[in-house]
Amino acid sequence: MKRISNVFWITIAIVLVAVVFGVAAPKSFQEITANIQSFITSTFGWYYLILVTAIVIFCLFLIISPIGTIRLGKPDEKPEYSTLTWFAMLFSAGMGIGLVFWGAAEPLSHFGAPPMAEGGTNEAFKEGMRYTFFHWGIHAWGIYAVVALALAYFKFRKDEPGLISSTLRPLFGDKVNGPLGTIIDVLAVFATVVGVATTLGFGAKQINGGLTYLFGIPNNFTMWFIIIAIVTVLFMISAWSGLSKGIKYLSNANMVLAVALLVLVFIVGPTLLILNIFTDTLGAYIQNIIQMSFRIAPLNDEHQSWINGWTIFYWAWWISWSPFVGIFIARVSRGRTIREFLFGVLLMPSLVSFIWFATFGTSAIDIQQSGVFDLSQIKLTEEVLFAVFDQLPWSALLSIVAVILVSTFFITSADSATFVLGMQTTYGSLTPPNSVKLTWGIAQSSVALILLYSGGLQALQNALIAAAFPFSFIMILMMLSLYRSLTKEKKELGLYIKPKPRKKTEKINS
């Protein structure tokens, strides 16, 4: 029997208090989370922008540095999973439900209310797509990558336990084995629970939105409860089967379904316009990435409010998800070099996300511009995608595939999260007991339901921004610790871009 750590009991107690409070006083719960969210975004927006940009720069530095040749494991180790399976697993865990939920809704929202341009114009079209790429591109994956890299390096190369606290040993020494380490791991686990619960809430609403459009089923809390209950049973069955079976097969199924849906919409949608918008937006994204990375609009309240509601929200979302996604990516990345790892995690998922949003976002905006149907009258975000499908050929088929895809993404995300939470609360065990995974599965589903019950989509967003803030400071420490350890190993291995100059007294053999 694997040992259960104090982190498990402390975090479960915190989650239980939050659940009881949410049930007993949902309005007060909503107000408190809203106040915390408002304070953080209005006061620390600049901090989020600088931090996330620094993370991206750090990752790019490691790619071009000789450090990139260091392997995440022993020198002769080979990757455990094929590149295609590895990519499918990290992508399913990292972006799944969010892509389906926001695929059409975010570009359409930016088209109507862009950050700077006049709404409903061609400039708003281009600007909205550019910021969508920005929110789902290398900044998002940089956050995941730095946490995953630190965990994989210390776990597989330095034989440390697979815990967030263990990555800080170069900074704090054996103190990470005491109360300091417990606090760090509790923050990481709590951020994971809230981050995953938020995504499960999005998933339940998206599934309900599809069922409403397809069969006229009501879209309300009762249905969200039923959907989450059913999916909880399914992902616990998957979690019971273990990582190599359940998550691997579901991840591959996700990729097949996602590609099928993407190709179908690409074919029946405005194909040429999609290709042109993708090309133009990719260029604009690359050209403007530095300006977007630091834009806080300090002298324009309206623009700053937009940044707080979108960019800062996303940076907080990715940070709150980073312990979960980072641990999971680290677990499946053993044997890859740092350079290979960072190229794969930063670039490939970003490119797929760009193609996805170019396809679904362009289709939605094209329908809106054509005047055939006013998508702005769709008040529920989770129904926007299905309203778009309703205006395309094969609408029923598209909607059915989308509902199945969200369901499998839902199961994969929750399944992966139960493994990660179990690992973090059993001293880093790579095979946490099923009883612990079952407890975390029920806990994260309960938090999702409470957040939905107390305030729907807005409560989800408020909670994750609040949970992400303290963990952001741990991420800074993780980068410093990782850099210290990698620099030391670089010197030990003699990894230099140029050979070190010989001393004058050293004889040169001819």
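**Pairs, turns and surface of a predicted chain**

Colleague: What is the relative accessible area of Arg 331, and does that make the residue buried or exposed?
Modeller: Buried means under 20% relative accessible area, exposed means over 50%, and partly exposed is in between, with a 1.4 Å probe and protein chains only. The model is predicted, so local features need a pLDDT of at least 70 and side-chain atom pairs count only at 80 or more, while totals for chains, interfaces and linings use all residues. Residues are numbered from 1 along each chain as its sequence is written, and side-chain values use heavy atoms, leaving out hydrogens and water. Arg 331 has a relative accessible area of 13%, so this residue is buried.

Colleague: Which residue forms a salt bridge with Arg 331?
Modeller: Side chains of opposite charge can pair when their charged atoms come close. A salt bridge here is a side-chain nitrogen of Lys or Arg within 4 Å of a carboxyl oxygen of Asp or Glu. The closest N and O atoms of this pair are 3.2 Å apart, and the partner of Arg 331 is Glu 80.

Colleague: How many residues apart in sequence are the parts that this pair ties together?
Modeller: Helices are DSSP runs of H or I with at least four residues, strands are runs of E with at least two, and both are numbered from the N terminus. Glu 80 is partly exposed at 42% relative accessibility. Arg 331 lies in helix H13 and Glu 80 in the loop between helix H2 (26-64) and helix H3 (83-94), so the parts tied together are apart in sequence by 251 residues.

Colleague: By how much of a helix are Glu 123 and Lys 126 separated?
Modeller: Glu 123 forms a salt bridge with Lys 126, with the closest N and O atoms 4.0 Å apart. Glu 123 is partly exposed at 40%, and Lys 126 is partly exposed at 39%. The two are three residues apart in helix H6, so their separation is about one helical turn.

Colleague: Which residues are joined with Arg 157 into one network of salt bridges?
Modeller: Lys 158 and Glu 489 meet in a salt bridge of 3.4 Å, N to O. Lys 158 is partly exposed at 33%, whereas Glu 489 is buried at 5%. Through shared partners, Arg 157 is joined with Lys 158 and Glu 489.

Colleague: What type of aromatic pair do Phe 39 and Phe 44 make?
Modeller: Rings of Phe, Tyr and Trp (its six-membered ring) pair if their centres lie within 6.5 Å; planes under 30 degrees apart count as stacked, over 60 as edge-to-face and the rest as tilted. A search of the whole structure finds 39 aromatic pairs. The ring centres of Phe 39 and Phe 44 are 6.0 Å apart and their planes are at 75°, so the pair is edge-to-face.

Colleague: How many residues apart are Trp 136 and Trp 318?
Modeller: Their ring centres are 5.0 Å apart with planes at 70°, so this pair is edge-to-face. Trp 136 is in helix H6 (residues 122-136) and Trp 318 in helix H13, a link between distant parts of the chain that are apart by 182 residues.

Colleague: Over the ring of which residue does the charged end of Arg 336 sit?
Modeller: A charge sits over a ring if NZ of Lys or CZ of Arg is within 6 Å of the ring centre and within 35 degrees of the ring normal. The charged end of Arg 336 is 4.2 Å from the centre of the ring it sits over, which belongs to Trp 86.

Colleague: Is Asp 159 buried or exposed?
Modeller: Asp 159 has a positive phi of about 60° although it is not a glycine. This residue lies in the loop between helix H7 (138-157) and helix H8 (169-172). Its relative accessible area is 55%, so Asp 159 is exposed.

Colleague: Is Ala 297 buried or exposed?
Modeller: Ala 297 is not a glycine either, and its phi is positive at about 50°. The residue is in the loop between helix H12 (271-294) and helix H13 (301-331). Its relative accessibility is 13%, so Ala 297 is buried.

Colleague: What is the radius of gyration of the protein chain?
Modeller: The chain has 17 helices and zero strands. The radius of gyration is taken over C-alpha atoms, and the globule rule is 2.2 Å times the number of residues to the power 0.38. With 510 residues, a compact globule would have a radius near 24 Å, which agrees with the value for this chain, 23 Å.
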